[in-house]
Amino acid sequence: MAAKTLNHKAWWLVAPVVVLVAFNAVIPLMAVVNYSVQETFGNNEFFFEGVRWFEQVMQSERFRDALGRQLLFTALVLAIEIPLGVAIALAMPRKGIGVSICLVLMAMPLLIPWNVVGAIWNIFALPDIGLLGRALNGMGFDYNYTRQPFDAWATLVAMDVWHWTSLVVLLAYAGLSAIPDAYYQAARIDGASRWAIFRHIQLPKMKHVLLIAVLLRFMDSFMIYTEVVVLTGGGPGNSTTLLSIDLVKLALGQFDLGPAAAMSLIYFLIILLLSWLFYTVMTKGEEK
Amino acid sequence: MARILLEQVRHSYRDNPRPEVDADWALREVDLEWADGGAYALLGPSGCGKTTLLNLISGLLKPTAGRLRFDDRDVTDLEPGERNIAQVFQFPVVYDTMTVFDNLAFPLRNRGVAEGEVKRRVHEIAAMLDLEPTLGKRAAGLTADGKQKISLGRGLVRSDVAAILFDEPLTVIDPHLKWRLRSKLKELHQRVGRTMIYVTHDQTEALTFADQVVVMIEGQVVQAGTPVELFERPRHTFVGYFIGSPGMNLLPCEVDPAGVARYAGVPIETANGGPVAARGTAGKKQLQIGVRPEFVRFAERGVPVTIERVSDAGRYRIVHARHGGQEIKAVVGEGAPVPERDGHVRFEPERTQIYADGWIVEE
């Protein structure tokens with residue numbers, strides 16, 4: 001065998017990726033870091049402020065409220081979408097024409113642009129002319145998502161469930177389809193109940209795709225912006241002002257660039273930390 | 001424990017199989033009886049219906065027609081879980097998240113067996129299968145042969161199991177472990193005395209494991225018999241060349257009204273010649289003489305042949321001879337003389353049979 005040539009030319013192959021990542025992630029992120037430690041009054045004048053903006057954001061009640069709402073929203077969405085998605089995937093047919101029909105139906109909400117989703121639900125739920133709003137009021141509920149915080153939240157969660165449960169369904173279905181028939185046959189011979197089959201065959205085999213589903217849904221729901229802005233604009237009052245909406249208000253509404261930059265960094269770190277937590281918890285005991 | 005009886009069992013995977021069209025049926029018509037405690041093999045090429053037959057017995061499939069009985073109980077409409085059948089699949093099936101112990105305990109716990117009894121049975125079976133040291137480990141971490149032992153163990157733990165079915169269980173096992181697992185199976189069969197049915201396309205596996213081998217082709221059983229019977233008196237030409245290495249010689253022949261077979265103008269003495277052959281071959285299209293290479297002898301007179309090559313297989317030699325366009329193989333012992341170039345062969349009459357349209361000619 002010929003001796004290996006030792007040089008570092010291969011690094012050039014990585015260079016395009018490095019450049020790409022630098023321009024679309026690292027440099028913008030550094031710009032944000034730059035803003036987060038300085039004060040500016042325009043005219044390209046900057047004054048170094050250290051960690052002042054970070055302290056200000058962390059101590060502000062407004063940020064904590066938005067974070068609390070955000071955590072609640074994400075928790076609700078995950079608690080509904082993951083079990084519901086798995087349940088729908090289990091109920092879907094495994095072969096025949098029904099498979100294609102179900103898959104197309106499931107994929108549809110995912111293909112709709114986010115702002116359109118918001119607009120659809122905005123109109124759908126209007127108390128005076130929307131189908132949902134009219135129907136609820138007709139049934140005797142006092143429903144108005146533009147005035148009552150609870151109604152706004154219910155509509156918001158329903159919209160997200162409608163929009164994104166399909167993703168969980170598709171992932172879970174893919175996981176289920178990968179289970180060989182022999183497992184089900186063995187379970188039948190072993191006299192396993194429906195629950196035992198789910199608990200000991202289907203769930204373990206779906207674990208990896210479910211991990212991806214949880215991570216995707218966590219990150220996406222934690223960053224949700226468009227649909228909420230179109231549906232409620234963060235209201236009534238501040239009741240649906242989630243983190244991203246608050247951030248935009250702070251940065252572009254009030255033009256407080258320093259605190260906004262600090263807030264986005266904190267926001268970013270929270271997502272990173274929670275994603276890591278999910279991943280670690282769900283893959284624990286894997287290597288044993 | 002049970003005797004297994006299949007009565008005119010037919011199976012088709014189609015919605016509307018036509019009874020008269022053989023191609024519609026995965027299993028044409030099978031009548032079989034399996035004695036309690038026997039070791040059986042289902043042998044045949046891929047797609048011959050042997051796995052279908054196995055799944056019918058375990059209840060994973062319901063037969064299109066016919067009945068299945070365990071002893072005197074009609075089980076045709078029972079679910080697999082109610083049939084007291086265990087099955088080991090081609091690819092090892094273990095419950096990944098459970099320990100080896102829990103895997104083995106699973107079928108018992110599903111049936112509501114008391115935990116003390118579960119523990120006793122699992123330890124007993126684990127000891128039998130050499131799984132004791134791994135009982136506390138997660139099943140997912142075991143090697144393929146270990147997992148296959150767990151599948152087998154899940155069948156053995158149940159004290160009420162009537163039969164254990166194996167569907168090519170050694171396919172994914174490393175060659176050097178195959179032999180060990182196979183002898184383990186044989187040993188277990190003697191120890192637990194349960195009926196075992198073993199599906200395979202490997203004749204060595206079938207012949208070493210089973211007391212009784214059922215040979216299948218194209219959805220039908222062509223012969224069920226001991227390995228010796230299959231070897232000495234194949235009922236169908238397929239059994240002749242599928243079993244044995246090299247397979248049986250099949251020579252096109254004519255049968256005269258007296259029932260004497262002639263090949264190349266030479267009268268050949270056969271075990272089933274005479275009036276039986278005269279009656280049995282009447283009106284049949286394809287007549288053949290079947291003789292295994294082991295029963296072909298070189299002689300002064302007989303069918304003239306030219307020796308083409310001799311391959312040494314260790315304790316014996318395989319002689320490839322030729323008569324006209326027809327190859328005739330002979331297996332001769334190490335010391336036995338083989339003619340240099342031209343010679344004659346004759347066949348041992350007791351082991352030479354006449355076949356008509358593939359089937360042996362008999363009463």
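Me: How are α3(A) and α7(A) oriented to each other?
Reply: This is a predicted model, in which local features need pLDDT of at least 70, side-chain atom pairs count only at pLDDT 80 or more, and totals for chains, interfaces and linings use all residues. Residues are numbered from 1 along each chain as its sequence is written, while chains are lettered from A and ligands numbered from 1 in the order in which they are written. The axes of helix α3 (residues 61-91) of chain A and α7(A) come within 7 Å and cross at roughly 45°, where axes are lines fitted to C-alpha atoms, for helices over the stretch in contact, and angles run from 0 to 180 degrees between N-to-C directions. Since angles under 35 degrees count as roughly parallel, over 145 as roughly antiparallel, 65 to 115 as roughly perpendicular and the rest as oblique, the word for α3(A) and α7(A) is therefore oblique.

Me: By class, which residues does the contact of α3(A) with α7(A) have?
Reply: The contact includes A:Leu76, A:Val77 and A:Ile80 of α3(A), and A:Val157, A:Asp160 and A:Val161 of α7(A); two residues are in contact if their C-beta atoms, placed from the backbone, lie within 7 Å. Ala, Val, Leu, Ile, Met, Phe, Trp, Tyr, Cys and Pro count as nonpolar, Asp, Glu, Lys and Arg as charged, and the others, Gly among them, as polar. By these classes, the contact of α3(A) with α7(A) has 16 nonpolar, 2 polar and 2 charged residues.

Me: In which kind of crossing, left-handed or right-handed, does α4(A) pass α7(A)?
Reply: Helix α4 (residues 97-111) and helix α7 (residues 149-177), both of chain A, pack at an angle of about 130° with their axes 8 Å apart, and they are therefore oblique to each other. A crossing is left-handed if the near helix is turned anticlockwise from the far one by less than a right angle, and right-handed if clockwise. For α4(A) passing α7(A), the crossing is left-handed.

Me: Is A:Arg217 buried or exposed?
Reply: A:Arg217 has its place in helix α9 of chain A, and, leaving aside neighbours within four places in sequence, A:Arg217 is in contact with A:Val77, A:Leu78, A:Glu81, A:Trp164 and A:Val168. A residue is buried if 20 or more other C-beta atoms lie within 10 Å of its own, exposed if 12 or fewer, and partly exposed in between, with C-beta atoms placed from the backbone. Because 22 other C-beta atoms lie within 10 Å, A:Arg217 is buried.

Me: How many helices and strands does chain B have?
Reply: Of the 363 residues of chain B, 41% count as buried, and the C-alpha atoms of this chain fill a box of roughly 75 × 50 × 30 Å, taken along the principal axes. Helices (H or I, at least four residues) and strands (E, at least two) are DSSP runs, numbered from the N terminus. Counted in this way, chain B has 9 helices and 22 strands.

Me: Which are the edge strands of the open sheet of 5 strands in chain B?
Reply: The sheet has the order β16-β20-β17-β18-β19 (chain B), with antiparallel pairing, and two strands pair if DSSP finds at least two bridges between them. Within it, 8 bridges join strand β18 (residues 316-323) of chain B to β19(B), and B:Arg322 stands opposite B:Glu327 in β19(B). The strands that pair on one side only, and are thus named as edges, are β16 (296-299) and β19 (326-333) of chain B.

Me: Is B:Asp71 buried or exposed?
Reply: B:Asp71 lies in the loop between β4 (65-70) and β5 (73-74) of chain B, and has a positive phi of about 55° although it is not a glycine. Because B:Asp71 has 12 C-beta neighbours inside 10 Å, B:Asp71 counts as exposed.

Me: Which element gives the largest share of the side of chain A that touches chain B?
Reply: The contact takes 16 residues from chain A and 21 residues from chain B. On the side of chain A, the elements that give two or more residues are α8 (181-189) and α9 (194-222) of chain A. The largest share, 6 residues, comes from α8(A).
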